[in-house]
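Please read it with the coordinates open.

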Amino acid sequence: MQKPLRQTPISRTEQKQRAAADTRPRTTLSWYRYVQLADPEAFRNRLLQQFSVWDCFGRIYVASEGINAQMNVPTEYWEAFDTWVQAQPELAGVPYKIAVEEANQPSFYKLTIKIRSKIVADGLDDSSFDVTNTGEYLTAEEMNEYIDDPEAVVVDMRNAYESEVGHFTNAITPAVETFREELETVPETLRVHKNKKIALYCTGGIRCEKASAWLKHQGFTNVRHLQGGIIEYAHQVKEKQLPNKFRGKNFVFDERMGERVSDEVVAQCHLCHATPADTHYHCKNQMCHTLYIGCEHCVEKQQGYCSRVCALGDRLPESIKKPMAHYYAEWQRRKPFRKTPLRSN
Ligand SMILES: [Zn+2]
Ligand SMILES: [Zn+2]
């Protein structure tokens with residue numbers, strides 16, 4: 001008998017407890033495909049039905065333009081999962097980006113599959129340019145050549161909080177908060193490098209598919225992007241024993257918040273500005289929930305809060321915190337941390 005579709009009205013704490021009690025080994029992976037889906041809703045239900053049977057957890061976006069999945073699979077079901085995915089006509093041949101390292105805690109605590117208008121929020125009007133005119137891929141070896149080549153320029157297509165903890169040597173790492181902002185900024189930043197070879201990279205490659213087509217539309221002819229992103233690069237480096245030109249951690253969008261690619265710590269603590277650190281935390285005050293980098297000493301001293309104000313604010317009664325939450329978050333956003341400097345040109 002098939003299980004009913006999972007509805008999750010239970011709290012996050014309860015979800016975490018349940019997931020933590022399930023100690024089966026899991027394989028964390030991400031995968032995406034741009035593919036025209038005639039009926040995204042039916043496609044979503046098909047995935048939800050099947051992935052629920054195997055107790056997969058993760059966050060998956062489905063749109064008429066395709067699918068973007070970050071998830072884990074109980075390792076005992078890996079083969080069944082792989083066979084099933086590859087047998088779907090929309091997904092045949094889709095490559096997986098398997099996590100470089102699993103953490104002690106699960107990478108996800110529940111399964112959500114959402115229908116969106118796009119699988120990546122890029123703010124672009126897809127009818128205004130040829131989205132299929134993407135750049136050619138770069139292998140890990142070719143990426144290394146680009147990094148060493150003075151006639152090439154390497155651009156990090158991720159957000160500042162991602163590149164802050166890890167990036168390629170010599171890469172331009174724009175100080176942007178969203179992918180949308182990145183796409184607005186990068187053509188301007190690259191103007192001075194117009195005649196150079198351009199290499200783009202992101203976490204698992206999905207953002208570069210759109211970004212390379214967008215840059216080509218903006219008149220950049222020599223644009224390529226790293227195949228499978230940093231995740232695949234890290235695997236290639238290990239397998240083929242190539243020099244590793246990625247410094248630090250690869251930020252990932254699950255509970256692990258990062259995979260170590262090199263031992264180097266490239267960022268510093270946002271609280272003391274003195275200690276090298278590259279572990280992200282969310283402020284314990286739910287009204288704030290700000291993402292920050294903390295060193296062990298500061299995190300312990302501040303008990304998981306990003307500031308003393310947040311520690312004090314959290315002591316207020318719930319009846320006051322609730323109506324305040326929205327304004328509090330806005331106010332927090334306006335006084336950002338002093339972060340690790342990035343390379344912007
Ligand atoms: Zn510190
Ligand atoms: Zn806070």
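1. Basis. This is a predicted model, in which local features need pLDDT of at least 70 and side-chain atom pairs count only at pLDDT 80 or more, while totals for chains, interfaces and linings use all residues. Residues are numbered from 1 along each chain as its sequence is written, and chains are lettered from A and ligands numbered from 1 in the order in which they are written.

2. Domains. The domain assignment, of the automatic or database kind, gives domain 1 (12-115), domain 2 (130-248) and domain 3 (279-334). Taken over C-alpha atoms, the centres of domain 1 and domain 3 are separated by 31 Å.

3. The sheet. Four strands, in the order S6-S10-S9-S7, form an open sheet with parallel pairing; strands here are DSSP runs (E, at least two residues), as helices are (H or I, at least four), numbered from the N terminus, and two strands pair if DSSP finds at least two bridges between them. Strand S6 (136-138) and strand S7 (152-156) are the edge strands, each pairing on one side only. From one strand to the next the twist averages 35 degrees, with axes being lines fitted to C-alpha atoms (for helices over the stretch in contact) and angles running from 0 to 180 degrees between N-to-C directions.

4. Strand pairs. S6 and strand S10 (residues 223-226) pair in the parallel sense over three bridges, and Leu-138 stands opposite Leu-226 in S10. S7 is joined to S9 by five bridges, with Ile-198 in S9 as the bridge partner of Val-153. S9 and S10 run parallel and are joined by three bridges, and the partner of Ala-199 in S10 is Arg-224. S9, H7 and S10 make a right-handed β-α-β unit, in the sense that, with the strands pointing away from the viewer, the path from the first strand over the helix to the second runs clockwise.

5. Burial of S9. Why is strand S9 (residues 197-201) largely enclosed by the rest of the structure? Four of its five residues are buried, where buried requires 20 or more other C-beta atoms within 10 Å of a residue's own, exposed 12 or fewer, and partly exposed a count in between, with C-beta atoms placed from the backbone.

6. Arg-180. Arg-180 is placed in helix H6 (residues 179-190) and counts as partly exposed because it has 14 C-beta neighbours inside 10 Å. Leaving aside neighbours within four places in sequence, Arg-180 is in contact (C-beta atoms, placed from the backbone, within 7 Å) with Ala-121, Asp-122 and Gly-123.

7. Positive phi. Two residues deserve a look at the backbone. Asn-170, in the loop between strand S8 (166-168) and H6, has a positive phi near 70 degrees although it is a residue other than glycine. His-289, in the loop between strand S13 (279-282) and strand S14 (291-294), likewise has a positive phi, near 55 degrees.

Definitions and conventions. Two residues are in contact if their C-beta atoms, placed from the backbone, lie within 7 Å.
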